[in-house]
Amino acid sequence: MSDLDKVIARMTHEHYLPDKGWDKIIIKLDEKLARIDPDYKIYQIKEKFGTLRFYYDTSVNNRDLKRAMDRYVRIAEILSSVTCEMCGDRGDLKKELLWKKTLCERCYGKN
């Protein structure tokens, strides 16, 4: 099972993943969250307004551990704002497109 398949196996609702450029961010986030709560579940992973959104549920009842998980999610969402969602290279938010997207210059030229 690939690392991305492990992420998909945790999903309870939508089985949609953003473009491949954010796969590394999502996989690293999954690894960090699983260390805190091996049984956590993912409700949804998507792109919204050009950045990653990650919705999850945890069985952790410890407030400090829950905050740590939330911080990891927030860091991943921030990382997505400087990572091309198509290829994973350094990117920035392109607002002049029909949709807001975080893209590198090469991928931006393809749109």
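**Briefing: helix packing, cysteines and loop residues**

Setting aside neighbours within four places in sequence, Gly91 contacts Ser81, Val82, Thr83, Cys84, Thr102, Leu103 and Cys104. The model described here is a predicted one.

- Gly91 lies in the loop that runs between H3 and strand S3 (92-94).
- Gly91 has a relative accessible area of 6% and is therefore classed as buried.
- Between Gly91 and Ile45 there are 46 residues along the chain, counted as their separation, and their C-alpha atoms are 20 Å apart.

**Cysteines**

- How many disulfides does the model contain? The count is zero, with a pair of cysteine sulfur atoms required to lie within 2.5 Å.
- For Cys84, the closest cysteine sulfur is that of Cys107, at 3.7 Å, so the two are too far apart for a bond.
- For Cys107, the closest cysteine sulfur is that of Cys104, also at 3.7 Å, and this distance is likewise too far for a bond.
- Cys84 is buried because its relative accessibility is 0%.
- Cys107 is also buried, because its relative accessibility is 3%.

**Helix H2**

- Helix H2 covers residues 23-36, which is 14 residues. The distance from its first C-alpha to its last is 20 Å, close to the 20 Å expected at 1.5 Å a residue.
- The buried residues in H2 are Asp23, Ile25, Ile26, Ile27, Leu29, Asp30, Leu33 and Ala34.
- The cover over these buried residues includes helix H1 (3-10) and helix H3 (63-80), together with strand S1 (41-48) and strand S2 (51-57).

**Helix H3**

- Helix H3 has 18 residues, which should span 26 Å at 1.5 Å a residue. Its end C-alpha atoms are 26 Å apart, in agreement with that value.
- Ala68, Met69, Val73, Ala76, Glu77 and Ser80 are the buried residues of H3.
- These buried residues pack against H2, S2 and strand S4 (101-103).

**Packing of H2 with H3**

- Two packed helices are described by the angle between their axes and by the distance between those axes.
- The axes of H2 and H3 come within 10 Å and cross at roughly 175°. H2 is therefore roughly antiparallel to H3.
- On the H2 side, the contact is made by Ile25, Leu29, Lys32, Leu33 and Ile36. On the H3 side, Leu65, Ala68, Met69, Tyr72, Val73, Ala76, Leu79 and Ser80 take part.
- By residue class, this contact comprises eleven nonpolar residues, one polar residue and one charged residue.
- Ile25, Leu29 and Leu33 of H2 are among the residues that are buried and take part in the contact with H3.

**Two further loop residues**

- Thr12 is located in the loop between H1 and H2. Its relative accessible area is 38%, so Thr12 is partly exposed.
- Apart from neighbours within four places in sequence, Thr12 is in contact with Lys41, Ile42 and Tyr43.
- Thr12 and Ile78 are separated by 66 residues in sequence and by 24 Å in space, C-alpha to C-alpha.
- Phe49 is located in the loop between S1 and S2. Although Phe49 is not a glycine, its phi is positive, at about 55°.
- Is Phe49 buried or exposed? Phe49 counts as exposed, because its relative accessibility is 53%.

Definitions and conventions
Residues numbered from 1 in each chain as written. Predicted model: local features only at pLDDT ≥ 70, side-chain atom pairs only at ≥ 80, totals over all residues. Heavy atoms only, no water. Helix = DSSP H or I, 4+ residues; strand = E, 2+ residues; numbered from the N terminus. Expected span 1.5 Å × (residues − 1). Buried < 20%, exposed > 50% of the residue type's maximum accessible area, 1.4 Å probe, protein only. Contact = heavy atoms within 4.5 Å. Axes fitted to C-alpha atoms, helices over the stretch in contact; angles between N-to-C directions. Parallel < 35°, antiparallel > 145°, perpendicular 65-115°, else oblique. Nonpolar A, V, L, I, M, F, W, Y, C, P; charged D, E, K, R; others polar.
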